[in-house]
Amino acid sequence: MTPLVLIAAGLVALVAGALVLRSFGPRYRVGRLLSTTPKVSVADAVALAASGAARYVRVDGRIDSEQEFEDADHRPLVFRRTRLETRERTRWRAFEDAREAVPFELHEGLAAIAVDAAALDAGLVVVPRESAGVAADLADRIPDGLRPDAEVRARIEQISSVEHATVLGVPVAGDGSGPRLTAGLGRPLVLTTLEIPEAMRVLTGGQTTRPRAAAALLVAGLTLFVIGVGWSAVAAVGVGR
């Protein structure tokens with residue numbers, strides 16, 4: 001075995017690990033942002049918005065709103081997204097996507113900053129409520145071309161005003177309505193009401209095999225690459241003597 005073989009094997013393992021992580025789609029990026037984004041206080045986020053400095057930050061706080069609405073269990077909500085989806089091979093495709101939202105803020109002590117609910121998409125990480133069935137169960141809501149026996153599900157994601165949240169975004173000055181956190185700098189607005197480890201489990205769909213395989217490939221790849229480069233360097237020094 002030569003150093004070049006080790007380096008090549010390391011690079012292959014690194015690429016394979018990266019591809020496994022990429023197979024999670026946008027969820028991989030959201031998870032990486034949750035793990036690496038620097039945390040600031042709500043007051044610091046407000047100051048950043050006022051300064052005009054564009055920074056992508058993490059802010060933790062309590063959700064609050066003066067315009068909440070109730071769900072079926074009378075819990076006060078500030079955001080609800082209901083999607084009807086049909087299975088296409090190994091993926092689910094949404095054919096109906098309804099949103100309900102009211103203005104809400106993130107509070108920490110006396111400081112508060114609004115959250116741009118309109119910018120929430122793949123960055124919303126909560127425990128979804130799901131119910132499954134077939135298209136025929138939807139009666140007149142079946143889209144054209146969908147077979148009555150096609151597998152469908154209803155997926156509901158919601159945010160309550162009694163929860164604490166972690167929000168990732170860019171603080172910006174509001175248009176007369178005060179500072180807010182929104183998407184920016186090429187990154188999504190992320191909001192989760194879960195602890196970070198639990199949010200990661202939701203992002204991976206509860207899977208453990210693929211994340212562990214990716215981690216093992218990345219560690220092995222980096223190890224092989226470093227050993228190969230070190231071996232090459234030692235060999236080069238020996239030849240030069």
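The exercises below, each with a worked solution, concern a predicted model.

**Exercise 1.** Determine which residues of helix α3 (residues 42-51) are buried, and where they lie around the axis.

Solution. Start with the accessibilities: Val42, Ala45, Leu48 and Ala49 are buried in α3. Next, take their directions from the helix axis. These residues cover an arc of only 115°, which puts them on the same side of α3. Then turn to the other side of the helix, where Ala50 and Ser51 are exposed. Now look for the cover over the buried residues: it includes β1 (39-40), β2 (57-64), β6 (105-108), β7 (111-115) and β11 (164-172). Finally, inspect what follows the helix: Gly52 comes after α3 and has a positive phi, near 80°.

**Exercise 2.** Identify the residues that touch the most other members of the largest nonpolar core, and the elements that give two or more residues to this core.

Solution. The core has 27 residues, and those touching the most other members are Val59, Phe104, Leu106, Ile159, Val167 and Leu191. Two or more residues come from each of α3, β2, β4 (76-88), β7, β8 (120-125), β11 and β13 (189-192). To follow one member of the 27-residue core, take Leu191. Beyond four places in sequence, Leu191 is in contact with residues including Phe104, Val115, Leu120, Ile159 and Val167.

**Exercise 3.** Describe how strand β7 is paired and whether β7 is enclosed or open.

Solution. Begin with β6: this strand and β7 pair in the antiparallel sense over four bridges. Within that pairing, Glu108 stands opposite Ala111 of β7. The hairpin of β6 and β7 has two residues between the strands, and Gly109 there takes a positive phi near 65°. Next, consider strand β12 (residues 180-182), which pairs with β7 in the parallel sense over two bridges. Here Val115 stands opposite Leu181 in β12. Last, count the buried positions: four of the five residues of β7 are buried, so this strand is largely enclosed by the rest of the structure.

**Exercise 4.** Decide whether Thr193 is buried or exposed, and list its contacts distant in sequence.

Solution. First locate the residue: Thr193 lies in the loop between β13 and α4 (196-203). Its relative accessible area is 18%, and the cut-off for buried is under 20%. Thr193 is therefore buried. Leaving out residues up to four places away in sequence, Thr193 touches Ile63, Val125, Val126, Ile159, Glu163, His164 and Ala165. Of these contacts, take Ile63: Thr193 and Ile63 are 130 residues apart in sequence, yet their C-alpha atoms are 9.4 Å apart in space.

Key
Residues numbered from 1 in each chain as written. Predicted model: local features only at pLDDT ≥ 70, side-chain atom pairs only at ≥ 80, totals over all residues. Heavy atoms only, no water. Buried < 20%, exposed > 50% of the residue type's maximum accessible area, 1.4 Å probe, protein only. Arc of directions from axis to C-beta. Contact = heavy atoms within 4.5 Å. Core = buried A, V, L, I, M, F, W, Y, C linked by side-chain atoms within 4.5 Å. Pairing = 2+ DSSP bridges.
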